[in-house]
Amino acid sequence: MTRETQPFPMALLMEEKIYTITELTRLIKRNIEDNPDFTSIWVKGEISNITYHSSGHIYFTLKDEGAIISSAFFRNVNKALSFRLEEGMSIIAFGSISVFEKRGSYQLIVAQVRLEGIGELQKRIEQLKKKLLAEGIFDPRHKKKIPFLPKRIGIVTSPTGAAVRDIIKVAMRRYPNIEIVLAPAKVQGDDAAVSIAMGIAELNRPEWGVDVIICGRGGGSFEDLMPFNEEIVVRAFYASRTPIISAVGHQIDHPLSDDAADYAAPTPSAAAEIAVPIKKDLHDEIDYYILRAYNSFMSRIRELQTKLKGITSQRSFRSPGEIVYVRELLLSDVEGRILSVMKDIVNERRNRLSMIPDLTRTMFVYLRDKNFRFNRALNALETLSPLGVMKRGYAIAVDRFRAVVKSVALLEEGDAIELLLADGSAGCTVNSIHREAPFGKKIDTKEQSEL
Amino acid sequence: MDDLEKIAKKLEDGSLGLEDAITEFEKGIKLAKFCHQKLEEAERKIEILQKGGDGDVRKRDVKVKPDTGEIDDDEDLQGSLL
């Protein structure tokens, strides 16, 4: 049979879909990349054909006896690696399978690499975690609050590592007069765990006066961080009576010390930021509150002055002396207290060499001006006040409605009246009425109405 | 600081009588003074604990380069309390 004689199977053409290569590859890609079997998995194998590309990416092949898989370890994730990958190395890689359409190939995109043999350690950590969890070591109810304003911070780490430098640098920048006590500790090697636990216990002694402890180290490989997964260290974190921050640099897996600490910081610098506030911000905040209080308070005083002006400008008082007297007493008291409070502020601001230097001056000038006007108002009140007159021996008579009695015409014999004197009052009864001015001049009705 | 903020709010509220306003303001000034002083209490020092020959732990003042945070000390410092 030749092609010419064999008719093309038209039925097949109608029923079956013909893929383009692109469509097919996309389908494969979707099927693989969406499949959880190929996503976030651990793969064990030996490195071969490793290439360190100038872009910073690392390409290699992972192989075992039966198969190989191309792998790519991109710069943004491989820079965290603490050791160098080499030909022939046995590793466990963590990552996901991805399909490269242009080349029709699939590869492992690596996110993290561990040296083989870590599996055992990993298992031990998991077991320890379970045990400590059952004991309640990680219970959030045990967690203490990190103090708002520590005076002395304690650090447990190597005195020569990057961690201690970062913590000191950040702490001193935020709070220049902070006090720091360092308990030196080995953070790697066989006796690291014991030395860290010792440091934590030491800083818990009251004689060092530590308000908060930062314990940790800079980032490193899984093995480098192992001391912070040791039981003795985790228990020391838990047992610390002083609030303690775990400060172990890490990317993916956090150490168990993070779970037992009162606070877990991702790096030593971050721990210092949690432990130490920015002093300038706190000073500013205090000033801000007091400025707000001051402004409201002064507007209250201005209000009062306006009222005072209203009273003094009337030139006569509807209410008799008693009320004026009380107000006067209050005002002089107010004046004294305002002055003493203001003096406090001014002194306070001077001592502090304030960051808002103008405020002190403005406040001072304002205060002097206000005080001057206040005194003047008080003097005016004093002169006008019936109290001033009363002090010289005069009395004011008021009737039972406490209206000032200005004329005998308003009185009858037997009326009860009250005499207001400078230092008190006396109840009186009118015994007799004399329609004659006490100092000789007769007051007739006409004159009286003109008064 | 919280108390201070409360005082500022109370005064801004304007519902206080003059007498109370003065009392609150005085309280605020005292609090602010106290807070400012509290912030200056710490004495800026870096100490490192070292173990003596008798096994007792003592503190020792050290200098630090503020820009790098590096401990700057002439003597050899112990790396741990072991």
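Local features require a pLDDT of at least 70 and side-chain atom pairs count only at pLDDT 80 or more, whereas totals for chains, interfaces and linings use all residues. Residues are numbered from 1 along each chain as its sequence is written, chains are lettered from A and ligands numbered from 1 in the order in which they are written, and side-chain values use heavy atoms, with hydrogens and water left out.

Confidence is expressed as pLDDT (the predictor's confidence in each residue, from 0 to 100). Chain A has a mean of 81, with 74% of its residues at 70 or more. Where pLDDT is low, the predicted coordinates should not be read in detail. Chain B averages 86, and 100% of its residues score at least 70.

The buried area (accessible area, 1.4 Å probe, lost on putting two parts together, summed over both) is about 5,000 Å², of which carbon and sulfur atoms give 68%. B:Phe25, B:His36 and B:Leu39 supply 15% of the area that chain B buries against chain A, more than any other three residues.

The second largest pocket is lined by 28 residues; A:Gln112, A:Arg114, A:Phe222, A:Ile252 and A:Asp253 lie nearest its centre. A pocket is an open set of points on a 1 Å grid over the protein atoms alone, where a 1.4 Å probe fits, with protein on both sides within 12 Å along at least five of seven lines; lining residues have an atom within 4 Å of a point. Domain 1 (10-116) and domain 2 (121-277) of chain A, with bounds from an automatic or database assignment, both contribute to the lining, so this pocket lies between them.
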